[in-house]
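The tour moves from stop to stop, with something to select at each.

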Amino acid sequence: MVGTTAMSDAEDEVLDEEQEGEEPLEEANEDREEGGEEEDEDKGEEKEEEEEEEEKEKDEPPPHVPLTEEMLKEGLSLLCKTGNGLAHAYVKLEVNDKELTDISILESFIHLRYVDLSQNSLRDLSPLASLTHLLSLRADHNQLVSVSGLGELPYLQRASLAQNRILNLQGIAHPRLESLNLIGNELRSLESLDCSRLNGLHTLELRGNKLQSTVGLYLPNLRELYLAQNNIKTLEGLENLIHLTSLHLRDNQLETLDGFSQNMLALQYLNLRGNLISRLQEVEKLKVLPMLRALVLRENPCEEEDGYRLETLIALPRLERLDKDFFEEEERTEAEETQKSRMEDGIAES
């Protein structure tokens, strides 16, 4: 933010200098304003047309491009023994940026363990359901709307499906899944997630979706949860995240800090940057988090309140860091003395 502000100030100075060197030309200015309005209208119309074309392109199916044997030969690697130890097979496949729409040929490649199909035009991953030895799947930057055809994939540990168009979480039910990346999709709710089948999940990436709530996260073994850049207005169901250590809620629509639970005994890091929290008193609601050590509150309206750091430390004396800065010993002393003085004043008044 400092760099951005400095850049803006410098630009303002340059603009001021340019304006001082110009002679007043009222007629020319009027002509420019009229021309500028016309240009703005034209640009607005062009932008609308571009957006309409993009929507049409999304709806139209891409031309059929199947995964071929030649592509397979180029993409296969890592020769390993098969399960019975009597034969060898390639277990890794990388086929990126080929505009693929059809991977049905993979149904017979049952020994694959690591598959990367990023940057294609896939809308269906169901042929992967037969890859029962699969450990890692990457299918970022495709055209997936759903992953309901994936099947159980009993050994899948890591799945990355970022930058698709996934609308719901049906089909994500892999018992050994540890890390799931769904950045930049179209998710509006988490209630379709089958949490009972995701007992091993410890990292969940949901940045850049359209979520409005946290309802549906019954994931007691989850440790890291990334929910930045959504439209979240309410926090619900967090009491189930008993092993969560890190929670990222940057750039959402939170106005209050209701929803945190005393069951969240492991939470150490909480990022609330860029929300709508206007009252510093909301920080008091974080007292239920006994292990909280780092809090990010910058770019909320409450940052402008007097005594921002002091009042936060008084409310949360175990806190070690606010925003980027660790608390100094002098700050801790001041917070303790202020709190003690307030308590004495309260006793005297009573």
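**Stop one: the strands**

Select strand E1 (residues 76-81) and strand E2 (residues 88-94): they run antiparallel and are joined by five bridges. Strands pair here if DSSP finds at least two bridges between them. Strands (E, at least two residues) and helices (H or I, at least four) are DSSP runs, numbered from the N terminus. This is a predicted model, where local features need pLDDT of at least 70, side-chain atom pairs count only at pLDDT 80 or more, and totals for chains, interfaces and linings use all residues. Residues are numbered from 1 along each chain as its sequence is written, and side-chain values use heavy atoms, with hydrogens and water left out.

Now pick out single pairs. Leu 79 has Tyr 90 of E2 as its bridge partner. Cys 80 has Ala 89 of E2. Six residues lie between the strands of this hairpin, and Gly 85 there takes a positive phi near 75°.

E2 and E3 pair in the parallel sense, over three bridges. Leu 93 stands opposite Val 115 in E3.

**Stop two: the core**

Select Leu 125, Leu 219, Leu 225, Leu 249, Phe 260 and Leu 270. In the largest nonpolar core, of 80 residues, these touch the most other members. Helix H3 (69-75) and helix H4 (308-315) are the elements that give two or more residues to this core. H4 gives the most, with five. Such a core is a set of buried Ala, Val, Leu, Ile, Met, Phe, Trp, Tyr and Cys residues joined through side-chain atoms within 4.5 Å.

Centre on Leu 270. What is it in contact with, leaving aside neighbours within four places in sequence? The list is Leu 247, Leu 249, Phe 260, Leu 286, Leu 289, Leu 292, Ala 294, Leu 295 and Val 296. Contact means heavy atoms within 4.5 Å.

**Stop three: helix H4**

Select H4. Six of its eight residues are buried, so H4 is largely enclosed by the rest of the structure. Buried means under 20% relative accessible area (1.4 Å probe, protein chains only). The buried residues are Tyr 308, Leu 310, Thr 312, Leu 313, Ile 314 and Ala 315.

**Stop four: the pocket**

H4 gives the largest share, four residues. Others to select in the lining include Leu 280, Glu 305, Gln 339 and Arg 342.

Key. Buried < 20%, exposed > 50% of the residue type's maximum accessible area, 1.4 Å probe, protein only. 1 Å grid on protein atoms, 1.4 Å probe; cavity = no way out; pocket = protein on both sides within 12 Å on 5 of 7 lines; lining within 4 Å.
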